Amino acid sequence: MNKQDKSTLVVFSGDLDKAMASFIIATGSAAMGNKVTMFFTFWGLNILRKEQYIPTKKGFMERMFEKMMPRGAGKLGISKMNFGGLGAKMMKYIMEKKNVATLPQLMELAKELDIEIIACAMSMDVLGLKEEELVDGIKYAGVATYLAEADQANLNLFI
Amino acid sequence: MNKQDKSTLVVFSGDLDKAMASFIIATGSAAMGNKVTMFFTFWGLNILRKEQYIPTKKGFMERMFEKMMPRGAGKLGISKMNFGGLGAKMMKYIMEKKNVATLPQLMELAKELDIEIIACAMSMDVLGLKEEELVDGIKYAGVATYLAEADQANLNLFI
Amino acid sequence: MNKQDKSTLVVFSGDLDKAMASFIIATGSAAMGNKVTMFFTFWGLNILRKEQYIPTKKGFMERMFEKMMPRGAGKLGISKMNFGGLGAKMMKYIMEKKNVATLPQLMELAKELDIEIIACAMSMDVLGLKEEELVDGIKYAGVATYLAEADQANLNLFI
């Protein structure tokens, strides 16, 4: 496989607008025939959380992070003009009216296009997130796995 | 043309400091002989807005975004310590005193260096921005156009 | 030296979480045998400040920036849920409990791995930071030096 045929994205941000940009670039690249790897770390992990509450054993601090962070793609705020969630609602309303693919739809598309989704194991440990709290069909690995992919890829972005 | 000779930047942020970093890297790269493409998306589109008010037909939500978002390079805030615009004013004052090129000057330089400026058509649609509201001499295209350039480029950044 | 064997990171952000991500990627890449260059610019320069107060001659505006910006790796906030520093304290507490390397430890490791640390001379001038205020063993250079490295590198990120 040619170097031109691989892309990687580090998704550090958990904002709706940046998450959408990540998946639009990733699915676009995969649709052009590239092998795409997305590495979710820190706040980016919130994009991968299941929407329903999953009971887990956690310490006090981990429980606080769990409660304060948005649970999944439907609950994310936007990076500017969020106004306590109003901005995110406005943006989703407009996107629906204009028939722009929603974030859950883009994530579904990513799965169909065989995009590799990796959740950063170290960040999960720090934020206290457990595997059963994240969506199915993803991998768990560390920065070395990401770097091995990035070394072989032409397009590498940090979002 | 050699792969080493191309650069692309996705300008997602509409903050003054990040916009300056984008244009400093882009013009630096072009001055070294590279072909540079800048792809402006989401809040980054505000950098490209004309400063004067342009009358357009818009829906209510689009009008709200139009009013709340900064109109052009002269109105941007900074990403940290903005304090309602005071931080941006301080930074611009210091830059002028130290003879650092301003953002409008860097944008002029980008034009002279034949840097390709692309406004993301999908983001324009979502934010309700019309072509006549953006500066002249730019292109309008989608993520596929950006990805085709990025596939051929060595330096690809997301800002 | 092969192109696959070089990485560069622009560290624009001065947030603790993004600084940690930068150094985790940089030290990981260096540990895999790559030559790594980190270019610190704008708020990223705060990561490199010495913790103690260094007396310098400065103008009024420069003094204001000096006072308002965090002094070194131990004083940084996090990019989300910082709550006036409480979030950063929580994150550092958890990381210590989980035996995750701290930012100062990662910076020490970066030095041992011969990672090249460059402070952006132009940003230092704008923010009024002097060489004696930054940690020892780093270089001072402009965007051209960064771009020369990036042109030779395979992995180039903007954080």
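Helices, meaning H or I runs of at least four residues, and strands, meaning E runs of at least two, are taken from DSSP and numbered from the N terminus. I begin with that convention, since the first residue I shall discuss is placed by it. C:K50 sits in the loop that joins β2 (35-40) to α2 (60-68) of chain C.

Two remarks on sources are needed. This is a predicted model, in which local features need pLDDT of at least 70 and side-chain atom pairs count only at pLDDT 80 or more, whereas totals for chains, interfaces and linings use all residues. Residues are numbered from 1 along each chain as its sequence is written, chains are lettered from A and ligands numbered from 1 in the order in which they are written, and side-chain values use heavy atoms, with hydrogens and water left out.

Let me return to C:K50. Is this lysine buried or exposed? C:K50 counts as buried, because its relative accessibility is 18%; the term buried means under 20% relative accessible area, exposed means over 50%, and partly exposed lies in between, with a 1.4 Å probe and protein chains only. A polar atom of the C:K50 side chain lies 2.8 Å from the backbone oxygen of C:E132. Contact here means heavy atoms within 4.5 Å. Apart from neighbours within four places in sequence, C:K50 is in contact with C:R71, C:E132, C:E133, C:L134, C:V135 and C:D136.

A second residue of chain C is C:A119, in strand β3 (residues 116-120). C:A119 is buried, with a relative accessible area of 0%. Beyond its neighbours within four places in sequence, C:A119 has contacts that include C:F40, C:L45, C:L48, C:M124 and C:L134. By comparison, I turn to chain A, where A:T102 occupies the loop between α3 (86-97) and α4 (103-112). A:T102 is partly exposed, at 30% relative accessible area.

I now come to the arrangement of the chains. Chain A is superposed on chain C, with an RMSD of 0.0 Å, by a rotation of 120 degrees with 0.0 Å of shift along its axis. The two copies are thus related as by a three-fold rotation axis. The superposition is by least squares on the C-alpha atoms of residues with pLDDT of at least 70 in both copies.

How many residues does each of chain B and chain C bring to their contact? Chain B brings 29 residues and chain C brings 27 residues. Together they bury about 2,600 Å², 73% of it on carbon and sulfur atoms; buried area is the accessible area (1.4 Å probe) that two parts lose on being put together, summed over both. B:M81, B:M90 and B:K98 supply 21% of the area that chain B buries against chain C, more than any other three residues.

The rule finds three salt bridges across this interface, a salt bridge being a side-chain nitrogen of Lys or Arg within 4 Å of a carboxyl oxygen of Asp or Glu. One of them joins C:D125 to B:K98, with the closest N and O atoms 3.4 Å apart. On the side of chain B that touches chain C, the elements giving two or more residues are α1 (16-31), α3 (86-97) and β5 (155-158) of chain B. Of these, α1(B) gives the most, with seven residues.

Finally, only 14% of the interface residues of chain B are also interface residues in chain C, so the copies meet through different surfaces.

Notes: Polar contact = N/O pair within 3.5 Å; in protein donor to acceptor, adjacent residues only side chain to side chain.
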